[in-house]
Amino acid sequence: MTPADRRDRHLRALELPVVEAAAALVGCTITHGACSGVIVETEAYHDSEPACHAFVGVTPRTQTLFEAPGIAYVYRSYGIHALLNVVVEPAGVGAAVLIRALQPRTGERLMARRRGGERLTELCSGPGKLTQALGIGLQLNATPLLGGPIELGPPPGHEDPPRLVVGPRIGITRATELPWRFCAAGSRHVSRPWPHGLLA
DNA sequence: CATGGGATTGACT
DNA sequence: GTCAATCCCATGC
């Protein structure tokens, strides 16, 4: 992998079909204010399958999913949590990558305060946890991820992208057979349950 | 207008 | 392992 490939990794991901985008975004970074982390877990959602909010078509809720790629879809889950997605695929297609876990990179002290003092591996190990840690709320729905309040960035450092462990998506009741969950192999920062073979 | 169901988490048995 | 919290919104009458 060349330095240019690494530098543009997040930009390339935004142009890919959602399942490939979900795989490519693992290793990229998410930043909000002073807090940031490396993406270690994602899931893909597409309007062709019933687990995706966009399956029902364009509604006030799903509008954002059908916009052009590169914006955030932030929605309330279980009346409590804000979940962050990266909208991908051309305008008119409802598709997004759910950011499920981060490896904290900066602003750890602030994130720990927001989370009530968690261990580092538990700080952002879930889609609701990471938005709380980074201070991301529903008001950031539909904001750009390039030059916006939430910034999607390339992988830090000079490492190659992590090996991926692929498994079925979790926490859903429909289309559970699709292997659209991607975790950085060996990472202890991913959400439970860990996919089979994570540490192998 | 009433209802049901979550792309979750944390506390508890 | 079980379960409640909490609220928006899509659906159906």
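Predicted model: local features only at pLDDT ≥ 70, side-chain atom pairs only at ≥ 80, totals over all residues.

Lys-129 and Glu-122 form a salt bridge. Their closest N and O atoms are 3.8 Å apart. Side chains of opposite charge can pair when their charged atoms come close.

**Stop 1: the whole chain**

Zoom out and show chain A as a cartoon. How many helices and strands are there in chain A? Chain A has six helices and eight strands. Start at the N terminus and follow the order: α-α-α-β-β-β-β-β-α-α-α-β-β-β. The radius of gyration of chain A is 15 Å, close to the 16 Å that the globule rule gives for 200 residues, so chain A is as compact as a globular protein of that length. Along its principal axes, the trace spans about 40 × 35 × 35 Å.

Next, colour by burial. Buried residues make up 50% of the 200 residues in chain A. Then switch to the surface. The accessible surface of chain A is about 9,200 Å². Carbon and sulfur atoms account for 55% of that surface.

**Stop 2: the charges**

Select the charged side chains. Chain A has 20 positive and 17 negative ones. The centres of the two sets lie 9 Å apart. Some of these charges pair up: the count comes to nine salt bridges.

**Stop 3: Glu-41 and its partners**

Select Glu-41 and Arg-100. They form a salt bridge, with the closest N and O atoms 2.9 Å apart. Arg-100 sits in strand 5 (residues 95-106) and Glu-41 in strand 2 (residues 35-46). This pair links distant parts of the chain, 59 residues apart. Why does Glu-41 count as buried? Its relative accessible area is 0%, and buried means under 20%. Arg-100 is buried as well, at 8%.

Arg-181 lies in strand 8 (residues 181-184), 140 residues from Glu-41. Both Arg-181 and Glu-41 are buried.

**Stop 4: the network**

Glu-41, Glu-43, Arg-100 and Arg-181 are linked in a network of salt bridges. Glu-43 lies in strand 2. Its relative accessibility is 0%, so Glu-43 counts as buried.

Which residues does Glu-43 touch, beyond those up to four places away in sequence? Among them are Ala-22, Val-97, Leu-98, Arg-169, Ile-170 and Trp-180. Arg-100 and Arg-181 are also in that set. Now select Val-19 and draw a distance between C-alpha atoms. Glu-43 and Val-19 are 24 residues apart along the chain, and their C-alpha atoms are separated by 7.9 Å.

**Stop 5: Ser-187**

Finish at Ser-187, in the segment after strand 8. Ser-187 is buried, with a relative accessible area of 8%. Show its contacts. Leaving out residues up to four places away in sequence, Ser-187 touches Val-40 and Leu-198.

Conventions. Residues numbered from 1 in each chain as written. Chains lettered and ligands numbered in written order. Heavy atoms only, no water. Salt bridge = Lys/Arg side-chain N within 4 Å of Asp/Glu carboxyl O. Helix = DSSP H or I, 4+ residues; strand = E, 2+ residues; numbered from the N terminus. Buried < 20%, exposed > 50% of the residue type's maximum accessible area, 1.4 Å probe, protein only. Rg over C-alpha atoms; globule rule 2.2 N^0.38 Å. Areas by Shrake-Rupley, 256 points an atom, 1.4 Å probe, with all protein chains shown as cover. Lys, Arg positive; Asp, Glu negative; His and termini not counted. Charge placed at Lys NZ, Arg CZ, Asp CG, Glu CD. Contact = heavy atoms within 4.5 Å.
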